Amino acid sequence: MALHPSQKDYVFQLPTLTLDSMASSSPNYVNAGPAQVGTNSRAQRFFPPERYVAAQAQYVYYGIVSRLPMVARVTLTDYRGTVLLDTCVRPTQPVCDYRTAETGLQPHHLAEAPVFIDVQRQVASIIRDKILVGYALWDFLSVMGLSHPAINTRDTALFMSFRRTLGHKPTTMIPLETLVKHFMGRDIGQSGDIPVERARAALDLFRSCEQTWEGIIATGAWPCALPPTEYRRCFT
């Protein structure tokens, strides 16, 4: 189901988040249960934890005239941050930039990795009928060549209450590092671009305000800005 805004670039005015209910800055990803992720254990749960999957991809670049992103590694986790899939992906085009300083990737890491079509099928199978959590999910879906129902996305790059709480304009994209530092009280990216770290960071942000987020959706409202229009094919 496509989401259609009724007010300019975003849909609904949201209340400012209360930060007293934010999750711990050092979550236990393996053992953390619903009562340990920043929400009251008696609070209403709109969807079971099994419905959620967090996603993050790592990119390299190909192309001579234009540098275009290509997936090099994919990470999926469950609601508690347990890794469901973490794999490199064999390039489908000659790589012009491995972004080694950020990714740590070298040609030999990808040369014998699983082929793209196999990873794409795995990802599609895991996220089917799930609520997809992440940051800038359009990037992930685009490089994976997949689409996902917009109503089943929870994109922390687009959540309006984050922007409003930090005093940003409704159209401003706030870096994931900034969101995590402000709301979670920790730093990410200190050791480079690590997909599992970014997936868990986006997951923590979502879980910290899950009741607010899902509660708004349950009323028929949509609490996020829309993704860039050039990526509309990534959402159904």
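## H6 against H7

Let's start with a helix pair: H6 (residues 176-184) packs on H7 (residues 195-208) with the two axes 10 Å apart and an angle of about 45 degrees between them. Axes here are lines fitted to C-alpha atoms, for helices over the stretch in contact, and angles run from 0 to 180 degrees between N-to-C directions. That angle makes H6 oblique to H7; under 35 degrees would count as roughly parallel, over 145 as roughly antiparallel, 65 to 115 as roughly perpendicular, and the rest is oblique. The crossing of H6 past H7 is left-handed, meaning that the near helix is turned anticlockwise from the far one by less than a right angle (clockwise would be right-handed).

On the H6 side, the contact (heavy atoms within 4.5 Å) uses Leu 176, Glu 177, Leu 179, Val 180, Phe 183 and Met 184. H7 brings Arg 198, Ala 201, Ala 202, Asp 204, Leu 205 and Ser 208. Sorted by class, that gives 8 nonpolar, 1 polar and 3 charged residues. In this scheme Ala, Val, Leu, Ile, Met, Phe, Trp, Tyr, Cys and Pro are nonpolar, Asp, Glu, Lys and Arg are charged, and the others, Gly among them, are polar.

## The model and its overall build

This is a predicted model, where local features need pLDDT of at least 70 and side-chain atom pairs count only at pLDDT 80 or more, while totals for chains, interfaces and linings use all residues. Residues are numbered from 1 along each chain as its sequence is written, and side-chain values use heavy atoms, with hydrogens and water left out.

The protein has 8 helices and 6 strands, in the order β-β-β-β-α-α-α-β-α-β-α-α-α-α from the N terminus. Helices (H or I, at least four residues) and strands (E, at least two) are DSSP runs, numbered from the N terminus. Of the 236 residues, 46% count as buried; buried means under 20% relative accessible area, exposed over 50%, and partly exposed in between (1.4 Å probe, protein chains only). Among contacts with a separation of 6 or more, 64% come from residues 24 or more positions apart. The accessible surface is about 11400 Å², with 51% of it belonging to carbon and sulfur atoms. Those areas come from the Shrake-Rupley method with a 1.4 Å probe, and for residues only the protein chains shown count as cover.

## From H7 into H8

H7 also packs on H8 (210-218), this time at an angle of about 70 degrees with the axes 5 Å apart. The two helices are therefore roughly perpendicular to each other. Phe 206, Arg 207 and Ser 208 of H7 meet Glu 210, Trp 213 and Glu 214 of H8. That contact splits into 2 nonpolar, 1 polar and 3 charged residues.

The loop between H7 and H8 holds Cys 209, which is buried at a relative accessible area of 5%. Phe 162 sits 47 residues from Cys 209 in sequence, and their C-alpha atoms are 9.9 Å apart in space.

## H4 and its surroundings

H4 (residues 137-144) is mostly covered, with 6 of its 8 residues buried. Those are Leu 137, Trp 138, Phe 140, Leu 141, Val 143 and Met 144. They pack against strands S1 (52-62), S2 (68-78), S5 (131-134) and S6 (153-155), plus helix H3 (116-127).

H3 and H4 have axes that come within 10 Å and cross at roughly 130 degrees, so they are oblique to each other. Phe 116, Val 119, Gln 120 and Val 123 of H3 meet Phe 140, Val 143 and Met 144 of H4. This contact has 6 nonpolar residues, 1 polar and no charged.

Both ends of H4 are worth a look. Ala 136, in the loop between S5 and H4, has a positive phi of about 55 degrees although it is not a glycine. Ala 136 is also buried, at 5% relative accessible area. After H4 comes Gly 145, with a positive phi near 65 degrees.

Arg 99 is another non-glycine residue with a positive phi, near 50 degrees. It lies in the loop between strand S4 (95-97) and helix H1 (100-103), and is buried with a relative accessible area of 16%.

Pro 107, in helix H2 (residues 107-111), is partly exposed at 42%. Pro 107 and Pro 91 are 16 residues apart in sequence, and 9.6 Å separates their C-alpha atoms.
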